[in-house]
Every structure is written in C-alpha cells, then in structure tokens.
Amino acid sequence: MNQILEETDNTAQNFDIRKIVVAVDLSKHSKMTAAYAAEFAKSFGASITLVHSFAPERITEFTTEEVHERYEEELQATERDLGKLADAVRKTYPDCDFEFRVGDPAEQVTLAAKDLDADLIITASHHPGFLGRLFGIDQAPRILHRTQCPVLVYHEGKDSV
C-alpha cells in the first residue's frame, strides 16, 4: 500500500496544467462555468480557451437561400456571443482565448483539446431530465468518453441556478 502512495506522490509532483479547454454552450450557465474555469486556471497559471460548437447547417433539397442566410446570421451572432463571453472573462483573467467551431459539440471540444495540446477540459453538467438524456443534450459524458485528457465537470450550486 505504501508503494502505491509513494508512486502516486511522485506522479502528483509531475502533474502540470498549462492549457485548459472550457466547453461552453452559451446558455445562462456558461458564464458561471467560464468564471469557475478562470479561477481554476489562476491557481495553475494556465491559459484557458473557451470552445463552442455550432450545429452544422442541414441542407436538403428544400433548403432556400433565405434559410441559408438565416443560418449564416445565427452562426455569426453566436460567434459574437462567444467573443463577448471571452471578453468578459478577460476582465478578470487576461489569459483567455476562444475557438468557435461547427460540428458535434463533444467531437469538436475533444478535437480542440487535442489541437491545443490541452492538459484539461472543463465542462458543465446541467443535470438534464429524462428527455435531455434521451436526446443527448448533456455533452459532459460524451466529452468524457472521447478525450485522452482529464475532464473536470463543473456543477453549479443550488443557489446559482
């Protein structure tokens, strides 16, 4: 038993967090998740990158130019919202960047973590009900099973909901 503890202690000394990917869905919970991640990053002197993934455009034979334009407007507005969230975080923690991606959220967050050589992913769990789990709204478990790096799942307290 002591040997395991000694090995664990040596491993803990080598544990270094320099880059953190923060998965945000731009819901009302994202601001709290980003603030938590910034405070966490401060303790390690790590950089954070907020990552949001926008759903890809669904093109069918009935898609009109108006539908495509509306999609592009929503995409640009969402990217601006992500930039605003990053700006808000930078007021208290300047080492914050953001990445806007298009695709499956769990897949894109995992790819961003790999591309950035992240040491940790922080994501939120919104405690979805039965329908949320059925339709895959909570991305935290999907991210957890796709990535090679550690994942910290942030849960807001009852007072902050």
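This is a predicted model: local features need pLDDT of at least 70, side-chain atom pairs count only at pLDDT 80 or more; totals for chains, interfaces and linings use all residues.
This is a short walk through the structure above, from its overall layout to a few of its contacts.

Residues are numbered from 1 along each chain as its sequence is written, and side-chain values use heavy atoms, with hydrogens and water left out.

Let us begin with the layout. The chain holds six helices and five strands, where helices (H or I, at least four residues) and strands (E, at least two) are DSSP runs numbered from the N terminus. Read from the N terminus, the order of elements is α-β-α-β-α-β-α-β-α-α-β. Of the 161 residues in the chain, 38% are buried; buried means under 20% relative accessible area, exposed over 50%, and partly exposed in between, with a 1.4 Å probe and protein chains only. Among contacts (heavy atoms within 4.5 Å) between residues at least 6 apart in sequence, 76% join residues at least 24 apart.

Now to the inside. A nonpolar core is a set of buried Ala, Val, Leu, Ile, Met, Phe, Trp, Tyr and Cys residues joined through side-chain atoms within 4.5 Å. The largest one has 26 residues, and those with the most contacts inside it are Ile20, Ile48, Leu50, Val89 and Ile122. Two or more residues each come from β1 (19–23), α2 (30–44), β2, α3 (65–90), β3, β4 (120–124) and β5 (151–154). Helix α3 provides the largest share of this core, six residues. Apart from this core lies another, of 12 residues, including Ala23, Ala106, Ala113 and Ile143.

Rings of Phe, Tyr and Trp (its six-membered ring) pair if their centres lie within 6.5 Å; planes under 30 degrees apart count as stacked, over 60 as edge-to-face and the rest as tilted. Five such pairs turn up in the whole structure. One of them joins phenylalanine 54 and phenylalanine 100, a tilted pair with 6.1 Å centre to centre and 40° between the planes. Phenylalanine 54 sits in strand β2 (residues 47–54) and phenylalanine 100 in strand β3 (residues 96–102), so the pair ties together parts that are 46 residues apart in sequence. Both of these phenylalanines are buried. Elsewhere, Tyr36, Phe40, Phe44 and Tyr154 make up one aromatic cluster.

Strand β3 also contains arginine 101, which counts as buried at 13% relative accessibility. The side chain of arginine 101 forms a salt bridge with that of glutamate 99 (2.8 Å, N to O); a salt bridge is a side-chain nitrogen of Lys or Arg within 4 Å of a carboxyl oxygen of Asp or Glu. A polar contact of 2.9 Å also joins the side chains of arginine 101 and aspartate 115. For a polar contact, a pair of N or O atoms lies within 3.5 Å; within protein, one must be able to donate a hydrogen and the other to accept it, and residues adjacent in sequence count only if both atoms are side-chain atoms.

Salt bridges come to seven by this rule. In helix α3, aspartate 87 and arginine 90 meet in one of 2.6 Å, N to O; they are three residues apart, and therefore separated by about one helical turn. Aspartate 87 is partly exposed at 42% relative accessibility, and arginine 90 is partly exposed at 27%.
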